[in-house]
Amino acid sequence: MARLSIDHLRKVYGEFHAVDDFSIAIAEGEFLVLLGPSGCGKTTTLRMVAGFIQPTAGRITIGERDVTALPPWKRNCGLVFQSYALFPHMTVAENVAFGLEMRKIAPADRAPRVAEALRLVQLTGFDERYPRQLSGGQQQRVALARALAMEPDVLLLDEPLSNLDAKLRQEVRVEIRDLQRKLGLTTIMVTHDQEEALTMADRLVVMEKGKVRQIGSQRELYEKPADRFVAGFIGRSAFLDGAVAEAGRFRTGGGLDIRCTATASGPATLALRPERLAIGAEAEACANRFPARVEHVSYLGALLDIDVRLTEQDRILLQMPNRPGAAEPKPGDMITIGWAEDAGLVYPREA
Amino acid sequence: MTAARLSLGRIALNGAATLSLGFILLPLIFVVWLAFFRQEIPSFPPEGYSLKWFQAAANNKPFVDGFLLSLQVGVLATLIGLVVGVPASLTLVRHRIVLGPAINTLLLLPLVMPGIVLGTSLYVFQIETEIATGLPVMGSLGGLVAAHSLVVIPWVVKLVTASLAGFDRTIEEAAQNLGAGPWTTFRRVTLPSIRPGLVAASLFGFVTSFGNLEMSLFLVGPGRTTLPIAILQYLEWKIDPTVAAASVIQIVLIGAAMIVTDRYVKLSRVV
């Protein structure tokens with residue numbers, strides 16, 4: 001059964017469609033991530049679920065309850081804000097107890113629940129501190145504990161890690177995910193960080209300009225991106241512009257003939273994942289094989305990023321593992337690259 | 001060379017600062033000094049020192065009554081000023097309302113309006129109100145408190161608006177998300193965050209009301225005299241140091257209030 005349903009949700013500001021026809025059913029205990037560039041409508045969607053923005057149209061249901069018209073304080077959604085939004089004049093314990101107090105839980109019954117929430121986020125013993133006496137990471141945990149203590153029906157995370165430094169972000173990411181699994185909390189997280197989204201989500205929603213571009217697992221998004229935007233946003237892709245001349249033939253602007261699986265003819269873009277490209281001897285068996293000039297090589301430790309030019313107009317990016325002893329291409333080298341017929345994904349050109 | 005010029009500039013600056021400070025403090029110092037003179041007619045050098053003027057001030061019925069009335073009016077006006085000024089500031093800061101900036105200016109106006117003008121206008125207004133309604137407005141405590149509220153409101157609006165400017169509204173959203181309705185959110189989250197502004201506004205509003213002379217002159221009724229008016233009336237007949245003693249008591253009380261307040265709220269941060 002769906003814990004949280006969003007049906008045809010829409011938010012329009014004058015002429016601007018902040019969120020355009022968003023529908024999804026989130027299962028009990030599922031971790032859903034809304035991913036997209038800034039201004040894509042992901043935060044607006046989250047804020048509509050929390051009740052801070054009134055939708056123009058659509059319905060939000062939590063369990064059996066239609067909450068669309070309810071004010072934020074009657075929704076029981078635990079929200080962790082990007083800025084944490086801790087109450088500066090209250091101690092850690094008072095912050096965490098606030099939600100319980102609002103639910104009219106007796107002081108004696110609050111204490112063990114506050115202690116439990118703080119234990120979950122490993123902040124036992126910080127009860128009497130004030131938010132200003134805590135580091136960013138600790139404040140983040142308090143915000144999480146505060147949302148967890150009220151035992152929300154849905155946990156909402158608004159870019160919860162964006163104010164942490166890179167190393168801490170990695171740790172907290174895993175912690176939040178573990179905690180979410182352990183408590184079986186239905187969760188929606190908003191982020192623009194692709195890596196964060198991929199490591200934490202059960203399922204992802206890619207949004208752009210208010211529209212849902214694709215909903216799916218990490219594998220589905222990466223291997224079968226629904227459109228050119230998703231292909232470019234999730235992972236990296238090289239794009240070749242051209243047209244499908246006949247079924248199975250793509251002709252680039254630079255005049256290359258590429259075998260592909262597309263059938264519909266017309267102007268299109270071919271997307272290639274860098275790791276699907278083969279170089280040199282490995283390229284011999286590929287359906288598509290082309291000579292290419294190395295333009296630029298970036299050393300990334302485990303990988304080498306290589307920019308190559310196929311024709312004056314056609315450039316692509318490929319990746320090769322950095323193996324000791326392997327010949328490393330240098331700018332100006334001529335190499336052969338190749339890829340399988342089904343490696344290139346063809347998208348009709350957007351008007 | 002540069003160092004020498006720098007220190008020269010420093011000396012000039014310190015000199016100017018000392019001069020300005022002296023200009024501000026000298027009258028205060030003289031008032032305090034005078035309060036302890038023994039002779040009745042202030043003249044230099046003092047003939048001796050005495051505490052009798054303090055006793056005279058404490059036994060002067062107009063002063064005591066005036067002090068109590070000023071205290072009463074000041075407290076009531078401050079409360080009304082807060083009740084009117086806080087919601088006004090919240091609305092002005094948070095909502096784009098029609099004529100918002102104009103209303104803001106209007107609320108601050110009593111601060112820059114000459115007391116005589118304000119007093120005259122209110123005098124006429126209160127008389128007209130009394131004629132129109134038949135209610136005893138003129139010279140009443142209510143009329144005086146209402147007028148004093150007018151000079152408290154600008155302080156509240158000014159200081160609360162300033163406190164709200166730096167206020168992070170997401171903590172209000174956090175409270176609502178945790179189940180707090182609008183009133184609880186205001187009481188538990190918003191109010192504590194703007195408390196320094198409220199304390200400072202109350203203090204300055206009260207002092208403004210307490211020391212107000214010009215406006216009050218038009219509005220007091222028979223048997224109802226504020227302390228500044230009582231002092232003025234006394235000075236019309238006598239110039240002995242009783243007035244200085246009464247002033248010293250005021251300076252000490254207000255100074256103490258500021259020091260105590262400053263321990264809880266750094267006034268220099270809000271004003």
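**Entry 1**

I began with Cys40(A), which is buried at a relative accessible area of 1%. I am working from a predicted model. For Cys40(A), the nearest cysteine sulfur belongs to Cys77(A), and it is 19 Å away. A disulfide needs the two sulfur atoms within 2.5 Å, so I ruled out that pair. I then checked Cys286(A), which is in no disulfide either. Its nearest cysteine sulfur is that of Cys260(A), 15 Å away. Cys286(A) has a relative accessibility of 16%. The cut-off for buried is under 20%, so I logged Cys286(A) as buried.

**Entry 2: an open sheet in chain A**

I traced a sheet of five strands in chain A. The order reads β13-β12-β11-β14-β20, and the sheet is open. The pairing is antiparallel. Which strands lie at the edges? I found β13 (257-259) and β20 (345-348) of chain A there, each pairing on one side only.

Strand β14 of chain A covers residues 266-272 and pairs with β20(A) over four bridges, in the antiparallel sense. For Leu270(A), I noted Val346(A) in β20(A) as the bridge partner.

**Entry 3: nonpolar cores**

A general point for this entry: in soluble globular proteins, nonpolar side chains tend to be buried together. I went to the largest nonpolar core and counted 57 residues. Which members touch the most others? I listed Leu4(A), Phe22(A), Phe87(A), Phe98(A), Leu156(A) and Val86(B). Helix α6 of chain B, residues 141-165, gives this core its largest share, six residues.

I took Leu4(A) and set aside its neighbours within four places in sequence. Its remaining contacts include Ile24(A), Ala25(A) and Ile26(A). Val49(A) is also in contact with Leu4(A), as are Ile60(A), Thr61(A) and Ile62(A). Val154(A) and Ile188(A) complete the list for Leu4(A).

I also found a second, separate core of 46 residues. Among its members are Val92(A), Val114(A), Val142(A) and Ala147(A).

**Entry 4: the contact between chains A and B**

How much area do chain A and chain B bury between them? I read about 1700 Å², with 63% of it on carbon and sulfur atoms. The contact takes 22 residues from chain A and 18 residues from chain B. On the chain A side, I looked for the residues that lose the most area to chain B. They are Trp73(A), His89(A) and Met102(A). Together they make up 32% of what that side buries.

Conventions
Residues numbered from 1 in each chain as written. Chains lettered and ligands numbered in written order. Predicted model: local features only at pLDDT ≥ 70, side-chain atom pairs only at ≥ 80, totals over all residues. Heavy atoms only, no water. Buried < 20%, exposed > 50% of the residue type's maximum accessible area, 1.4 Å probe, protein only. Pairing = 2+ DSSP bridges. Helix = DSSP H or I, 4+ residues; strand = E, 2+ residues; numbered from the N terminus. Core = buried A, V, L, I, M, F, W, Y, C linked by side-chain atoms within 4.5 Å. Contact = heavy atoms within 4.5 Å. Buried area = accessible area lost by both parts, 1.4 Å probe.
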